[in-house]
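Visitor: I'm new here, and I'd like to know how labels get attached to a structure. Could you show me one and let me ask about the words you use?

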Amino acid sequence: MVTFTACRSEPELVRPARPTPQETKALSDLDDQLSLRFYESIVGFFRSPPGESVRPGKVAKGIKAAVAGALVYYYPMAGRLQKIPGGNKLEVDCTGEGVMFVEAAADVRLEDLGQPLVPPYPCVEEFLADAGDTRDVVGKPLLFLQVTQLKCGGFVIGLHMCHCIADGFGILQFIKSIADFACGELIPTTLPVWKRDIFIARMPPSISHVYLAYKPFLRGLDCTDDDVMLSTPPESMEVQYLFFGPKEMEILRSHVPEHLSKTTTTFELLTAVMWRCRTIALGYEASQKVRLMFTLNTRGRSIKGESAVPRGYYGNAHFSPLVEVTVDELATKPLAHIVELMHKVKLETTKDCMKSMVDLMALWRERSPFGMDRTYEVSDTKWVGGNALQFGKAELVAAGTPHAGDFTSKLISYHTKCKNKDGEDSTVVSILLPKLVMEKFTKEMAIWLKK
């Protein structure tokens, strides 16, 4: 694998191109979850048209100007988070101070990074600016962005974005707005909507309709702190990336009935198999309860004929359904049973459930955070690499969440879209485990992928 060191400029603040409102903005209670107080990392790789000559620094200067233009519309991102006195709640102080920007160059070509270009990306830290302590979000820039020009004319955009301000879809919307300005547009194609009041807790709160698997935590049960995944530092664990092309997916689909195979998504099938193999590898006792937590985006979802979130909303708009079974049930029941449990918990996401979950997040913010023992978290981020995105004539060829930045968040398995060596659409899934557990997990996965 290629190794290199990027040559970076000194970090500089990029302010909005025009004066913006000086005010405070309230976060939603989904934004302000304790678990989201960190910087999420994303990298995107862009290829320039063949034969096009790009002057050193031209790409970064163009993107920097586009960032300033986009911040006029996304001006809260140019502000800083601050604590509201008398509690543990945060708000945005729209100071207009700007976001941190770094210009860089690397003496490598896009093809040197891998063909096909898939995780783990080589020297990925070289494409990311230094955000400092990724769990310290108060009083700092909300975005750290680095543009690295490659010697082939392509470039890499790497960023750390405060998760309290935007979720993955919101980050992508902002990046698309930067691309709009870089392509000469005068306003973003999608105008941003703040409207964080749609996910504000009720007074008094009511948690009667939360997902059923959350209820033991409300009673203080099942938090034993005896899980090796919580006691082992994430940075000392081993990361692996599993690739699933059409051939592998055909094998896995053969393990579920035909009628269910047609309605089961790639994400659901891979998650069910990996949860089972991971649980067996971790060696939990048969009677212990284990949990699967996955992100469910509410954009585009209709609840009783009403859209859950407005177009242009870039705040956090995802919920985390939870499936709970015993180890014995997970290890011995047919795979179809786990897939059906995932389908069932998705259907629990009613309007009442969403309101109760928002209330619960607000209540938990005022408590000391605790880990959910024996819980496997999964996030589908295939849309990051699957969206057509262009900066001028440069085209996005790969993107995803790298194994860099905030390591605690990397305990989540991320599903990323990619191409395999034959050019076929494939999925790559990350997983972080202690070394000895990883060896057992790999053997369990090999059993499922045998014809």
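Guide: Let's start with a hole: strand S10 (238-244) and strand S21 (425-433) each supply at least two residues of the lining of the second largest cavity. Strands here are DSSP runs of E of at least two residues, helices are runs of H or I of at least four, and both are numbered from the N terminus. Before we go on, this is a predicted model, where local features need pLDDT of at least 70 and side-chain atom pairs count only at pLDDT 80 or more, while totals for chains, interfaces and linings use all residues. Residues are numbered from 1 along each chain as its sequence is written, and side-chain values use heavy atoms, with hydrogens and water left out.

Visitor: What makes a space a cavity, and how many cavities of 30 Å³ or more are there?

Guide: On a 1 Å grid over the protein atoms alone, a cavity is a set of points where a 1.4 Å probe fits but cannot get out, and lining residues have an atom within 4 Å of a point. Three cavities of 30 Å³ or more turn up by that rule.

Visitor: Which residues line the second largest cavity?

Guide: Among them are Val239, Tyr241, His403, Lys410 and Leu432. S21 gives the largest share, three residues. By class, the lining has six nonpolar, three polar and one charged residues.

Visitor: How many disulfides are there, and how do you know?

Guide: A search of the whole structure finds zero. A disulfide is a pair of cysteine sulfur atoms within 2.5 Å. The sulfur of Cys123 has its closest cysteine sulfur in Cys7, 15 Å away, so that is too far for a bond. For Cys277, the closest is in Cys418 at 19 Å, also too far.

Visitor: Is Lys83 buried or exposed?

Guide: Lys83 has 51% relative accessibility, so it counts as exposed. Lys83 lies in strand S5 (residues 80-83). Leaving aside neighbours within four places in sequence, Lys83 is in contact (heavy atoms within 4.5 Å) with Asn88, Lys89 and Leu90.

Visitor: What makes strand S4 (residues 39-47) largely enclosed?

Guide: Eight of its nine residues are buried, so S4 is largely enclosed by the rest of the structure.

Visitor: How do you know which strands pair with S4?

Guide: Two strands pair if DSSP finds at least two bridges between them. S4 and strand S9 (residues 155-162) have eight bridges, in the antiparallel sense, with Ile42 partnered by Leu159 in S9. Strand S19 (residues 394-400) is joined to S4 by five bridges, again antiparallel, and Phe46 has Leu396 as its bridge partner there.

Visitor: Where are cis peptide bonds found?

Guide: One runs from Gln115 to Pro116, with omega near 0°. Another joins Met203 and Pro204, where omega is about 0°.

Terms used: On a 1 Å grid over the protein atoms alone, a cavity is a set of points where a 1.4 Å probe fits but cannot get out, and a pocket is an open set with protein on both sides within 12 Å along at least five of seven lines; lining residues have an atom within 4 Å of a point. Grid points are joined across faces, edges and corners, and a volume is the space filled by probe spheres set on the points. Ala, Val, Leu, Ile, Met, Phe, Trp, Tyr, Cys and Pro count as nonpolar, Asp, Glu, Lys and Arg as charged, and the others, Gly among them, as polar. Buried means under 20% relative accessible area, exposed over 50%, partly exposed in between (1.4 Å probe, protein chains only).
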